[in-house]
Amino acid sequence: MASDPLDAIFSPHPEALAALESSIVELKRAEERGDRLKDHAFQLATALISHMKRPYVAEGVELLENLSFQYWRAAKGEQEAPDGAVSRESGTSRLAESCFYLAVGHAKLGDTVKARSAVEKMLAVSPNHPQGIALRDRLESELFDSGVKGLLGLTTAVAGAAVIYGFLRGRR
């Protein structure tokens, strides 16, 4: 079992990937037939984002970005949620979920700025959400780690340039 519950989302096992692939195919077939489940678009978007294939993740993010705006309006009481949820509370809950998956999708696509923005929006709607807090912490840790690696790389490059400069200067 993974020590980090987010590992299953960011690095699914081959069996999970096969199940996701099957779900994506079935959800797309149902859409083509016009057999839409109550929250069909949300299920498809989250399945696509949960996959490791970059085109799937990008498609899921695009779909969920469109849905998130509708969930936001439902949470404000301006419209019914696109999946048929009629209360502000269910719209707010679905908005938090969609922000979580958007954060995951953007992180998988390498856009940490959008990922952090999405997770912050999620935590604004649902401040004590454990997955949201764990995702925020993970993104901050990865950002810190990449900053440290970048700084170490820059320091190494400057040191290397100084050594080369000193060597070339000494040959004169």
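## Helix 3 against helix 4

In this predicted model, helix 3 (residues 40-50) and helix 4 (residues 54-75) cross at roughly 140°, and their axes come within 7 Å. The crossing is left-handed. Helix 3 contributes A41, F42, L44, A45, L48 and I49 to the contact. Helix 4 answers with Y56, V57, E59, G60, V61, L63, L64, L67 and Y71. By class, the contact has 13 nonpolar residues, 1 polar and 1 charged.

## Helix 3: enclosed

How many of the 11 residues of helix 3 are buried? The count is 10, so helix 3 is largely enclosed by the rest of the structure. The buried residues are H40, A41, F42, L44, A45, T46, A47, L48, I49 and S50.

Helix 4 has 22 residues, which should span 32 Å at 1.5 Å a residue. Its end C-alpha atoms lie 30 Å apart, which agrees. After helix 4 comes G77, with a positive phi near 80°.

Buried positions in helix 4 are Y56, V57, G60, V61, L64, L67, S68, Y71, A74 and A75. Several of these also belong to the contact with helix 3, among them Y56, V57, G60 and V61. An α-helix has 3.6 residues a turn, so residues three or four places apart point the same way. Buried Y56, G60, L64 and L67 of helix 4 are also among its residues in contact with helix 3.

## The nonpolar cores

The largest nonpolar core has 28 residues. Within this core, L64, F100, V104 and L135 have the most contacts. At least two core residues come from each of helix 1 (7-10), helix 3, helix 4, helix 5 (88-108), helix 6 (112-125) and helix 7 (130-170). Helix 5 supplies the largest share, 8 residues.

What does L64 touch, leaving aside residues up to four places away in sequence? The partners are F42, A45, I49, S98, Y101 and L102. Of these, F42, A45 and I49 are on the helix 3 side of the contact with helix 4.

A second, separate core has 7 residues, including L20, I24, L44 and Y56. L44 and Y56 also take part in the contact between helix 3 and helix 4.

## The chain as a whole

The protein chain has 7 helices and 0 strands. Of its 172 residues, 33% are buried. Among contacts with a separation of 6 or more, 54% join residues 24 or more positions apart.

Methods. Residues numbered from 1 in each chain as written. Predicted model: local features only at pLDDT ≥ 70, side-chain atom pairs only at ≥ 80, totals over all residues. Heavy atoms only, no water. Axes fitted to C-alpha atoms, helices over the stretch in contact; angles between N-to-C directions. Helix = DSSP H or I, 4+ residues; strand = E, 2+ residues; numbered from the N terminus. Left-handed = near helix turned anticlockwise from the far one by under 90°. Contact = heavy atoms within 4.5 Å. Nonpolar A, V, L, I, M, F, W, Y, C, P; charged D, E, K, R; others polar. Core = buried A, V, L, I, M, F, W, Y, C linked by side-chain atoms within 4.5 Å. Buried < 20%, exposed > 50% of the residue type's maximum accessible area, 1.4 Å probe, protein only. Expected span 1.5 Å × (residues − 1).
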